Structure formats: structure tokens, C-alpha cells
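Colleague: I would like to learn how to read a few features of this model with you. Could we take them one at a time, with the general idea ahead of each case?

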Number of protein chains: 2
Amino acid sequence: MTKAIKPRLARGTRDFLPSDMVLRNHILNTVRKQFELFRFEQIETPAVENLETLTGKYGEEGDKLIFKILNSGDYLKKIGDKELSNYDAKSLLPEISDKALRYDLTVPFARFVVQHQNDISFPFRRYQIQPVWRADRPAKGRYREFYQCDADIIGSDSLMLEAELIDLIKRIFSDLNISITIKVNSRKLLYGFCEKQNIQNQFTEFTTILDKIDKKPWEDLNQDFIQSGFSEELIHHTKDFIDHSGSVLSMESIDVIAKKVEGSQIGTEGVKEMQEIASLVDITGNDGVVLDLSLARGLNYYTGAIIEVIANDFQIGSVCGGGRYDDLTSMFGLPDVSGIGISFGIDRIYDILKGESASSTMSSGIKVLFVNFGSDEIPYALKAVSEIRDAGITIDLYPDAHKMKKQFRYADQIGVSHVIIAGKEEMEKSIFKLKNLESGDQKDYKMDDLINHLRQ
Amino acid sequence: MTKAIKPRLARGTRDFLPSDMVLRNHILNTVRKQFELFRFEQIETPAVENLETLTGKYGEEGDKLIFKILNSGDYLKKIGDKELSNYDAKSLLPEISDKALRYDLTVPFARFVVQHQNDISFPFRRYQIQPVWRADRPAKGRYREFYQCDADIIGSDSLMLEAELIDLIKRIFSDLNISITIKVNSRKLLYGFCEKQNIQNQFTEFTTILDKIDKKPWEDLNQDFIQSGFSEELIHHTKDFIDHSGSVLSMESIDVIAKKVEGSQIGTEGVKEMQEIASLVDITGNDGVVLDLSLARGLNYYTGAIIEVIANDFQIGSVCGGGRYDDLTSMFGLPDVSGIGISFGIDRIYDILKGESASSTMSSGIKVLFVNFGSDEIPYALKAVSEIRDAGITIDLYPDAHKMKKQFRYADQIGVSHVIIAGKEEMEKSIFKLKNLESGDQKDYKMDDLINHLRQ
């Protein structure tokens, strides 16, 4: 064993203590329950993927943020006779690393769908809750290892799925007691606008700048547009276009913007689709669902409707987002499979609920500590503990015959609601003294009555 | 987007399909339920740890199997003006990597305990279910990414905890319907034997060879002993010593071997401890718990009782193992904290149950598919689907108005038990036709009756 090392976490990573886990499990169980009501099926993919599976999918910036894994063993052996000094960081990389940690759940999902296409039934409804890693600069609320929680339906272009995912979002946040606004837009409307403005060749640049609208004041965005060579006039039209946002998603709100994309075939398609989505959303309720023409979503694989969710009472960025993609699996050789997906920002939801007093709904049942009187009473205590566990009640016997005061302090610290005390006297009478730590009441019970009482 | 890449997994990793996840979740939920009845509290630690946290803890062989992560950005910048060609793989490593993937859950747990010692109450009962990574050569049943599932109690040296963990093991495998044998030994008995044989200075070498007894025939072990310089006489005594194995753990079975360690203080301590453990185990039942003096456990941090579990009807190696450690946290500067832990081999348990027809107990409730008749019926269908989900029943509306035959084939593939059919006629009467796919029966229902029927 080596000399002692100061215990510390790697930068941008976190430990979750038991109290953190109670809240995290509450969130994940809530999400999972709705996913399953919608018949999404769970899959898991490995954290480690081949580097070639991941690179080139997230843009140049994204590629830099992928954590690469050093080849195992003598990782330089590929270099062989070549001089190591011929290499810089970029040219050395392919020689010493062929694996990486996944950056999101979407690209591994695309790989999964193509690889297992004969073992799954389309439309395939999958959910996946696993961590991802990004070599981002750590900051408040931004971690290098965090969970993603995704639901996707792949293999159908039905617009009902857009409406279904909006309903799913509403249900989950309602169950979590978080008031939200669901912003909806269509990449086709944005494209239509660009086509009408004759800047469709700069569509990616345009949406990349627009995507920052939540993070920057309009003046800064204005500057970004100018620096990328967009005209003052275009900026003016853009402002005018996105100002038609904020109304509830409905046939009327979409009619208003139809003119703005008139003449663009894709834009008109976008209008038609959004009208259908609006009428479908209306069936399960469009409250809190708004049209937001400034919504662009950073990821360029989106091709149709896009969705982003903000929590109304918290300045914390989006808590959920997603959209329609028409060609995600083509990167692995399976073209023309349309899909739609959403991703829940578990860490931000956690930060929101951590501030709330939501603990009452999260209690995980009754917990009991059996006080340790010493070796004479241990057989009596161990037998009782075993029977109480058989009845499905959480209990443990304090392992050492420490002073009562210490054992009661421990009971308090670990947050049990009751302690059981059984010394010589109780043993002789085959009873157990149950003390309710909240009320202070205590009463003797036979085993059967004790279990019945604890179960209530 | 780059050109299409063949979808494939990194070596030694796996995808889990929905049908795999049903079994995995069944196993994990079974384990988790018992962990919680024993009041173990869940924690999570990050997959990525500082390299210095992990190295030097698993022996030289283990260190080689740790997956190292390349520093992000320009990972060579530390090299600076120094010639890259001055380095080989070993000397380059500290310059280009300071993080790694965890190798097990035990060392991160030790770090966690020391780092959060003021936020947790001792004895601390924690469980943790997370993946670990090892750069092992992949083989049947040996993966580079796999789950560990650990329960530990740290901060008490009470031997009750040994008995408690044995009870926990029995309950979990009983719930999983797997017949097991729990092998128990004590590192102190082994040390006592070595002291009596006057080879206590080679204790680590001795136990490392002995640990291979399940993997090698005795003749090969014999060779290993000789090659490490142990005498023929020692080998003879060892054979005699370990032959006292296989009987149920009891006062009597331990009395027999007391003589073999007589005179060794630590050996005598081991006898006393094992006697106490035997008497405690007797309280909740010692069936299937045997004394196995050949059990050594590879990890040198074990200092007292050691436990290993084998499945009686499967040649698959150990499915659970653990033991007492007296000084695990000293590597992070917190000495003299005794603990005990066990780890469940989820992947091997999965392989065992995959062969069994255990699916009946794993069913996750009723599932229904709503057939899609086309746009006229969609509002009626969507409303119904929403109400059925409100009632806690898993259902989805087939997204496209495909031919009935195709929709029924899909229903069959995804394994739903019922489909709902509602065309013009049903809409007019405000009813739903429910078809049971197993029996073929179909019947019309009003919504309330439909939900009541599905709930049964």
C-alpha cells in the first residue's frame, strides 16, 4: 500500500450522498414511470465507444470535448520505429487512442439502431438513462460527468409523435410539480424564412447564432450576425420574424407566420406540419405550449419540429429539449429512417427540486433501529430483526453494545422514525418496546402486533 | 456529417436490448430491495477518478488494467520544450494522463468515506450499483465494462455484521431462486497456519497461490508453490490443512482446526472470531454455509473473515464475494476504521438466469396497443390513450394508418397482451373493442369498464 493520498474528486465530477440519491431516485422514478406508461422500452449502451463512432458527429468544437481513452498496455507500440518527436498532439492521437467516453446518448443510440435493426421492431420506442462525459470547463451547474435521460421513437414520421412527446413532457413535469413552458418551433419554418431572405446557403450559420438568443442580449447577437456577414436588413427581418413568438401553439398563431415563408416549399411544408401538430396537441391540451420562432436548437441533425422546455420559476436554462430528425442513422449506413426524441435535463431538475421541500412525497417508508443491549440479548434481537425484515420493513441492529445515548444519537442522525428496545425484562416476556422518535411515545408489543403496528 | 461507419461495439463491451434490461432490472431490483430492508443507503461516485486515487491499490497487475483517460485539449503541452523522443510509454503517461476509469467500487468508496467523513454517520451502511472498467483480455463472461453491486458497513468491528451479510446473501439468492453455497474462511486462520509453519513472511505469496485453487488443478498449484520456494513438507501440511473444509460452519467444525493454528496469537484470534460468527450465523440459519480453509481471496486488504458464494448448479465461478477489512481508508489518511463488505456478480447472475425460464415473475404489467384507423379516428384514439395512461396502464397508439395486418404483426413483435380497435362504428357508440391477443377473445367496452377490465 502506498502512502496516504488526499481524497479528492476529479475536476467537474460529483459524489452523491444518500440524501442526494433519495431526490435523484425520486426524479428518475417519476420520469421512468411515465416513459413506461408510454411503452418506451429501456436499453443501455456501453460508456466506452470506439473513437470513430463518436468523432465527426458533434462538430469541431464537440470533437474537442470528447474524453479519449488511452490504449491499454504499451500504448506507444504502434509508433514502433518511427520517431516519437515527429508527432504533435493531433497526429499522435490516432496512434495512442482508439476508444472514448460517450458524449451523449443520441449517437450511441443511432449506432445501436443500425447494429440491432433485425432484433428490434420499428417504430422502436426506446428510453435510456445513463451518464455522459464532456471535457467542458466546469462551472456552476456544468459538470464533466452527468446523466442524460432520453426517450426516442424511431421508424415513423407520423406527427402524432410530436404531440405524444409534448404530452409526455407535460405529464412528467406535472408529476414533479414543476411549472413549465414548452417552446415549439420547426426547423422547416426557419429554413423557409432563410429561403425567403435568400440566405438558405448560410442556414447553419444563421441557426447557430440564433441558438444563442437565450444566452446573449439582442445587441450581442446583432454583432454576431454582422460579423458573419449578414446584412442589417436581414437582421431587421429576423427581429420582425421572431417577434411573432410567445402565443399558444394553435392554428391561428401559425396562420400569422405562413406569409413570412410564402413561396418556400420547405417553409410551406413546415406551416402544414405545425398546423397538424397544433391540432393534435389541442386534443390532450395546449396549455403552456407556445410557438417560439427564435428557437433554433444547436444540433444540426434536427430537420423538423424542435422543442425546448423552460421552468417558469427558475432561471436555469432549458430543462428538456428535443426534436424531429430525418436521417440520424445514415451516419452508420441506414438512411431515411425518421425519428423524434427528447432529453430530460436531470441535473437541472435536481437543482430545482433540491431547493424545494418536496421530501414528503419522497419518503421511502418506515425505518427502524434495534438497540443493542449486549451479547446476552443478541440472539433475541437478531431473530426479531430477521422477522421484521421478512415483513418488508427496513431495520438494522446497532452492531455494538455502546451507551444508549450514543445509539439514540445515531438513530437521530440516520433519520429512523422508531427504535426498538429489548433488554432482559422484555426478553422474559417475549415482548419488544417500540419508541416513536417523533412523538416520544413508547409501548410494548408482541412480535405480530409490532409488525402490524409498523406496517400501518 | 462524415461518411457512413460500420456500427460496432468497442471490444469487450455490450449493448443491452429491452429484453435484456427486463432481466437485469429484475436482478437489480431484487438486490436493491434486500439492501434497503437491511437499511443500506445508496451512494454514487463518478466513473472518472484522479489517476493517483486509483494507482497502487490493485497491485502491479491491477494497475496495468486501469483504463487511463487522455488529458483534454493539447494533452502534450506539459512536455513543452522537452523532446518527445525522450519518453517511453511509462514515462510519458504521467505527462498526458491524470484521470482514469474506476476499476472497482471499493477504492472510490474508501475515498468517499474519508472525504465525507463529517457528513455521514458511522457505522455507515452504504450500497452502490455502478459500472467499472478493466482492460482485461475479453473472454466468455469477462467484459471490459461491467456492473458491480456492493454493500459495505464501515465503522464497526462487530462480528454481528459478518452474520448479517451472510443472512443478506441467503435472502438475495433465495429471492432470485438460485441455490448457493456460502464458503467462509478467515485470513487470520490462514495467517495462523503460516505462522505455525514459520512462513508468515511469505503470507501474501502463499495466499496469492492458494487463491487460484478454483482455477487450477492441485498439481499445478503444487508447481506454483515449489517455484515460489515453498518446501514439499509445507505443501503437504497445506493439503492436510485445507482438507478440513466443506463441513457446515459450526463450533464443532472450527474446534477441529484450532489445533492447526495453536501457538499463533493471530490464529487463535481467528478461531475465537470464527466461533462467534458460527454461533451468530446459527441464529438465522447456517444451512448452505460451509467452512472452506482453502478460500484465500485475492485482495490483500482483507484482514478477517472472507466470504465467497458459488451457485450450486452452475460452473460459472463465484457469484458473490467479500470480507472484513481493518484498514481500507488508511490509503486516504483515515487509519483504524474497520469495515466489511460484499459484492454481487450481477453479470454472472444474469448469465445464470438468462438460461432459466424466470420470466413469469418479471412481467412488468399489462401492455396495450391502440390500432390506428386514420386521421378521422385520431382525436378519439388520442383522448382514449391519454385516459388509459392516467389509469396507470401502459399503452401507445400505433403512429401510422398502416394495414391492420402490419399493425397486428407489430403488436405481436412488441409483446403486448391486448389491442384496442376503434373505428367509425365504435366512435359513434362511444365504445372500444378490446382484443386479448392470447385468447383471441374480443369484447366492446365503455371507457370506465375498459379501464376496470384492464386493471384486473
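Modeller: Gladly. Let us start with axes, which are lines fitted to C-alpha atoms, for helices over the stretch in contact, with angles running from 0 to 180 degrees between N-to-C directions. Helices (H or I, at least four residues) and strands (E, at least two) are DSSP runs, numbered from the N terminus. As for the source, this is a predicted model in which local features need pLDDT of at least 70 and side-chain atom pairs count only at pLDDT 80 or more, while totals for chains, interfaces and linings use all residues. Residues are numbered from 1 along each chain as its sequence is written, chains are lettered from A and ligands numbered from 1 in the order in which they are written, and side-chain values use heavy atoms, leaving out hydrogens and water.

Colleague: At roughly what angle do the axes of α7(B) and α10 of chain B cross?

Modeller: They cross at roughly 145 degrees and come within 11 Å, α10 being residues 232–242 of chain B. For handedness, a crossing is left-handed if the near helix is turned anticlockwise from the far one by less than a right angle, and right-handed if clockwise. The α7(B)–α10(B) crossing is right-handed.

Colleague: Which residues of α7(B) and α10(B) meet there?

Modeller: Contact means heavy atoms within 4.5 Å. From α7(B) come Leu189(B), Leu190(B) and Phe193(B), and from α10(B) come Leu234(B), His237(B), Thr238(B) and Phe241(B). For classes, Ala, Val, Leu, Ile, Met, Phe, Trp, Tyr, Cys and Pro count as nonpolar, Asp, Glu, Lys and Arg as charged, and the others, Gly among them, as polar. This contact has five nonpolar, two polar and no charged residues.

Colleague: And how do the axes of α7(B) and α8(B) cross?

Modeller: Helix α7 (residues 187–196) and helix α8 (residues 203–210) of chain B have axes that come within 11 Å and cross at roughly 120 degrees. This crossing is right-handed. Its contact residues include Arg187(B) and Tyr191(B) of α7(B), with Phe203(B) and Leu210(B) among those of α8(B). By class there are seven nonpolar, one polar and one charged residues.

Colleague: How many of the residues of α7(B) are buried?

Modeller: Buried means under 20% relative accessible area, exposed over 50%, and partly exposed in between (1.4 Å probe, protein chains only). Seven of the 10 residues of α7(B) are buried, so the helix is mostly covered. Among the buried ones are Lys188(B), Gly192(B) and Cys194(B). The buried residues pack against β7 (180–186), α8, α10, α11 (251–258), α12 (265–284) and β9 (302–311) of chain B.

Colleague: What about aromatic pairs?

Modeller: Rings of Phe, Tyr and Trp (its six-membered ring) pair if their centres lie within 6.5 Å; planes under 30 degrees apart count as stacked, over 60 as edge-to-face and the rest as tilted. The count comes to 40 pairs over all chains. One of them, Phe370(A) with Phe432(A), is edge-to-face, at 6.2 Å centre to centre and 80 degrees between the planes. The pair links distant parts of the chain, β12 and β15 of chain A, with the two residues 62 apart. Phe370(A) counts as buried at 1% relative accessibility, and so does Phe432(A) at 5%.

Colleague: Which backbone features deserve a look?

Modeller: Most residues other than glycine have a negative phi, and most peptide bonds are trans. Arg39(B) has a phi near 60 degrees, a positive value, and is buried at 3% relative accessibility. Asp336(B) also has a positive phi, of about 60 degrees, but is exposed at 69%. A cis peptide bond joins Phe122(A) and Pro123(A), with omega about -5 degrees.
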